[in-house]
Amino acid sequence: MGLHGVKAVFFDLDNTLIDTAAAGRRAIEEPPRPLQVISALQSKHHYGEGEARAICDKVQAKLLKECHDPAKTCITDLRISHWEEAIQETIGGEANRDLAAECYYLWKTTRLQHLTLAEDTRAMLTELRKGLRLLLLTNGDRQTQREKIEACACQPYFDAIVVGGEQKEEKPAPSIFHYCCDLLGVQPAECVMVGDSLDTDIQGGLNAGLKATVWLNKAMTAPVDTSPIPHYIISSVLDLPAVLQKMEHNINAKLETDHMASSNE
């Protein structure tokens, strides 16, 4: 696929190329036994099902609100603390760091096992890369994101991989997008950003002056806020090639119109 004006596509990782949210839920609830955390809390540590679920629910809530400063603490210590706090808030008594660490490593191991790059997504990336440069741009802690990248084995599909936790600034700062452009030897106006977050992926692409932003909105629900406004909205990452074809058609039509206008002058 050769596109006039578009030379590169930047992809977000979590909940765009891989379903991180679903993998996290499966790590807590689903077989294979005995890897699920709820099962371990019940069978090995004799917690009731209600208590085990309450602990896991509290951890999920803490993960959603998580603010991590790598200069102050490592991600492993922070996440063990999530489990430690959740257990204490649910059960009471003294903090149990050992049990918290056991739960964390069980959850982490199982989640990584469930992080996969779907076969149809692999095929799409392979096809796109025949005519475009592809880059993976993900926010987050260096260790955590590199483990996910390794787990889903997505490295061969990209010309470059950039992890926000390894840079001075993360998405939506323009600097990280411009760094990505420099890595690929392209201009911002030649790049498209694809991601599920309006706040980081779409706002970041707009901040950096990219040619287009594509918002992955699986539920196809209207955003609560009216800004930022993506150039395109898709319900599946597999819809991206059709969007790129549409962009190419629009660019070709404009070139033809401009050519006709200059010929008539």
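Reader: What classes of residue make up the lining of the second largest pocket?
Author: This is a predicted model. In it, the lining of the second largest pocket has eight nonpolar, six polar and four charged residues.

Reader: Which residues are closest to its centre?
Author: Leu 17, Ile 18, Asp 19, Thr 116 and Ala 118 are the closest, out of 18 residues that line the second largest pocket.

Reader: And which helix gives the most to that lining?
Author: α1 does, with three residues. α6 (119-128) also supplies at least two.

Reader: How much space is in there?
Author: The second largest pocket holds about 240 Å³.

Reader: Where does it lie relative to the domains?
Author: It lies between domain 1 (8-19 + 116-263) and domain 2 (20-114), because both give residues to its lining.

Reader: What lines the largest pocket?
Author: The lining has 34 residues, and those nearest the centre are Asp 14, Leu 63, Glu 66, Arg 79 and Lys 148. By class, the lining of the largest pocket divides into 14 charged, 13 polar and seven nonpolar residues.

Reader: Which helices supply at least two residues there?
Author: α1 (20-29), α3 (49-64), α4 (75-91), α5 (97-114), α7 (142-152) and α9 (198-207) each do.

Reader: Where is the largest pocket, in terms of domains?
Author: Domain 1 and domain 2 both give residues to the lining of the largest pocket, so it lies between them.

How values were computed. Residues numbered from 1 in each chain as written. Predicted model: local features only at pLDDT ≥ 70, side-chain atom pairs only at ≥ 80, totals over all residues. Heavy atoms only, no water. 1 Å grid on protein atoms, 1.4 Å probe; cavity = no way out; pocket = protein on both sides within 12 Å on 5 of 7 lines; lining within 4 Å. Helix = DSSP H or I, 4+ residues; strand = E, 2+ residues; numbered from the N terminus. Nonpolar A, V, L, I, M, F, W, Y, C, P; charged D, E, K, R; others polar. Domains from an automatic or database assignment. Points joined across faces, edges and corners; volume = space filled by probe spheres on them.
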